[in-house]
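Q: Hi! I have a chain open on my screen and would like to talk it through with you. Could we go over it piece by piece?

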Amino acid sequence: MRLEDDGDRGNVEDRRGEGRGGGLGGRGVRLGLGGTVVVLALSLLLGRDLFADLGASPGGAPVSAPGPAPSPAQAERRRAAERELEETAVASFNDAQRTWSAALSRGGGWRDAKLVLFWDETRSGCGEAAAEMGPFYCPVDERVYLDLGFYRELATRFGAPGAFAQAYVVAHEVGHHVQHVLGISDEVRDLQRRRPAERNALSVRLELQADCLAGAWARTAQDRRLLDPGDVEAALGAAAAVGDDRLQRSATGRVSPDSFTHGSAAQRTRWFRRGLESGRLDACDTFSGTP
């Protein structure tokens, strides 16, 4: 990927080195990858919907005790080790956001999101943000939360290395901000309250749309000749790696489609590819027909 960090940190909050946050706030938080895997596995093993028990969407975050901030020397070493990952995250966040801002600001109502970089734990408008939750978007404060250590997990645990696979993760979360600005996510949450039996299915459609929006952004990067050979395959691999079926099979040895919250590997790659091939928002209607 040839997308370069231009040094713009206007929409970045760097909380690394500030110490660890306290317990959960009063709001639930929409889990990212890591927390979803843990809670989903426990739900399947115990035969009980722990997502509902925790009162969040699609799950709740584990509570951990506050910890001390690293020393200045420790923080500097850790920042130095993450510099390349930081540049990829910030560059892809800024570029994806500028792409959607240009596409949607003509109709008015666009608001920039913020990217929060943190270590271990921090506070979000949705409650606790913890590294084990994976990247997530909080609509309450319109921020994407990311512990850069997730990128190493993406490469080593899920077999999806490379800068463009990392960019896909951020573009997916920016896609959730697009849904929020357009009012789509609010409509879905309202439907989930009125149709609890369809809660997971609606969550899948929302997540698949964010994958499609990530693909649409990738098309713009491709048109600007910012992608290298193999980049698209890397992003497709990342999308497949975090499919619910693969995560469930890895965690429990079984697959339960009724409990999917993000979509199967095939669904996630199909919708990312649809966005990539079209480059259009209107091609990302995951709410009509079969997702």
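Predicted model: local features only at pLDDT ≥ 70, side-chain atom pairs only at ≥ 80, totals over all residues.

Q: Good to know. How many helices and strands does the chain have?
A: The chain has 11 helices and six strands.

Q: And what share of the residues count as buried?
A: Of the 291 residues, 54% count as buried. As for contacts between residues at least 6 apart in sequence, 76% of them join residues at least 24 apart.

Q: Let's do strands. Which strand does β1 pair with?
A: Strand β1, residues 12-14, runs parallel to β2, residues 114-117, and three bridges join them. Within that pairing, valine 12 is opposite leucine 115 of β2.

Q: What about β2 and β6, parallel or antiparallel?
A: Those two pair in the parallel sense, over four bridges, with β6 covering residues 143-146. Lysine 114, for instance, has arginine 143 in β6 as its bridge partner.

Q: And how does β5 run relative to β6, parallel or antiparallel?
A: Antiparallel this time, with three bridges between β5 and β6. Phenylalanine 136 sits opposite tyrosine 145 of β6.

Q: Which way do the β6 side chains point?
A: Arg143 and Tyr145 point one way, while Val144 and Leu146 point the other way.

Q: Buried or exposed, and what is the nearest side chain of opposite charge?
A: Aspartate 141 is buried and has no salt bridge. The nearest side chain of opposite charge belongs to arginine 143, at 4.9 Å, while a salt bridge needs a nitrogen-to-oxygen distance within 4 Å.

Q: What does the aspartate 141 side chain have as a polar contact, then?
A: The side chain of tyrosine 145 makes a polar contact of 2.5 Å with the side chain of aspartate 141. Setting aside neighbours within four places in sequence, aspartate 141 also contacts Ser124 and Gly125.

Q: Switching to helices. Why does the length of α6 make sense?
A: Helix α6 has 20 residues, 163-182, and at 1.5 Å a residue it should span 28 Å; the end C-alpha atoms are 29 Å apart, so the two agree.

Q: Is α6 mostly covered or mostly open, and what comes just after?
A: Mostly covered: 18 of the 20 residues of α6 are buried. Just after the helix, glycine 183 has a positive phi of about 85 degrees.

Q: What about leucine 227, buried or exposed?
A: Leucine 227 is in the loop between α8 (199-223) and α9 (231-241) too, but leucine 227 is buried, at 14% relative accessible area.

Q: What is leucine 227 in contact with?
A: Leaving out neighbours within four places in sequence, the contacts are Met1, Arg2, Phe164, Ala218, Ala221, Gln222 and Val232. Phenylalanine 164 is 63 residues away along the chain, yet the C-alpha atoms of leucine 227 and phenylalanine 164 are 8.1 Å apart.

Q: Last one: where is serine 264, and why does it count as buried?
A: Serine 264 is in the loop between α10 (244-252) and α11 (265-278). Serine 264 counts as buried because its relative accessibility is 11%, and the cut-off for buried is under 20%. Beyond neighbours within four places in sequence, serine 264 contacts Gly243, Asp244 and Asp245.

How values were computed
Residues numbered from 1 in each chain as written. Heavy atoms only, no water. Pairing = 2+ DSSP bridges. Expected span 1.5 Å × (residues − 1). Buried < 20%, exposed > 50% of the residue type's maximum accessible area, 1.4 Å probe, protein only. Contact = heavy atoms within 4.5 Å. Lys, Arg positive; Asp, Glu negative; His and termini not counted. Polar contact = N/O pair within 3.5 Å; in protein donor to acceptor, adjacent residues only side chain to side chain.
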